Amino acid sequence: MSATAAPGRVGRFYTAARRHPWVLGKVADWKIPLGPYTPAQIAVAVGGGFLLVKSIGWWSWMGPVPIVAWVLTVWAVRRPKIKGRAPLQAALGWVLLAWQPQGGRMGGRAARDRMSRPLLGGFTLEEAAPAVPAAAAAARADQPAPGRSAHRGPVARPSAGQRPEPQVPSQTVGPVSGVQQLLARAQQAGGAR
């Protein structure tokens with residue numbers, strides 16, 4: 001056979017055949033008469049039977065009609081679906097939806113918005129100081145700035161309503177990174193090679 005004559009492969013999925021609903025009254029090939037029963041059927045049978053026994057004085061004049069209606073109701077709820085879900089699962093979904101916090105959950109706890117607070121901040125623009133070799137910066141650090149004495153007295157603090165003016169540093173800081181130190185040494189040696 002040639003490759004063009006070969007039929008293509010077709011895959012099919014039968015999900016309804018793979019579902020195993022939860023039922024009571026089925027063991028291997030044996031099942032109870034008129035069974036197996038779903039949880040909805042058991043709930044209707046128990047609840048309806050209880051109501052029929054308690055209200056026998058009201059419906060006894062009707063004969064077997066309420067009992068036949070009860071049996072038909074038990075049969076009718078064998079496979080009910082609410083938007084594709086079993087009634088107990090749908091009811092549990094509604095209960096869990098009502099139980100959820102309005103904002104949802106995060107990490108298992110109720111998600112709540114944090115209180116808003118103002119974000120305050122500021123910035124100062126300064127001119128960049130020229131690079132000074134490390135030896136010159138160390139020599140300047142030992143000497144006091146011109147016009148200042150070595151001894152300082154108490155510093156006056158600005159009041160709460162006033163902001164202090166930005167002070168220009170009196171001494172420049174030497175190269176910080178390794179690359180800046182290498183560039184400073186190259187400038188001292190007479191330029192880059």
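## Overall composition

Helices (H or I, at least four residues) and strands (E, at least two) are DSSP runs, numbered from the N terminus. By this definition the chain holds seven helices and four strands, and their order along the sequence is α-β-β-α-α-α-α-β-β-α-α.

This is a predicted model, in which local features need pLDDT of at least 70 and side-chain atom pairs count only at pLDDT 80 or more, while totals for chains, interfaces and linings use all residues. Residues are numbered from 1 along each chain as its sequence is written, and side-chain values use heavy atoms, with hydrogens and water left out.

## Burial in the chain

A residue is called buried under 20% relative accessible area, exposed over 50%, and partly exposed in between (1.4 Å probe, protein chains only). Of the 193 residues of the chain, 10% count as buried.

Ala184, in helix H7 (residues 178–189), has a relative accessibility of 15% and therefore counts as buried. Its C-alpha atom lies 7.9 Å from that of Ala131, although 53 residues separate Ala184 and Ala131 in sequence.

Two packed helices are described by the angle between their axes and the distance between the axes. Here the axes are lines fitted to C-alpha atoms, for helices over the stretch in contact, and angles run from 0 to 180 degrees between N-to-C directions.

Helix H2 (residues 39–54) packs with H4 at an angle of about 165°, and the two axes are 8 Å apart.

## An exposed tryptophan

Trp61 belongs to the loop between helix H3 (56–59) and helix H4 (65–76). With a relative accessible area of 68%, Trp61 is exposed.
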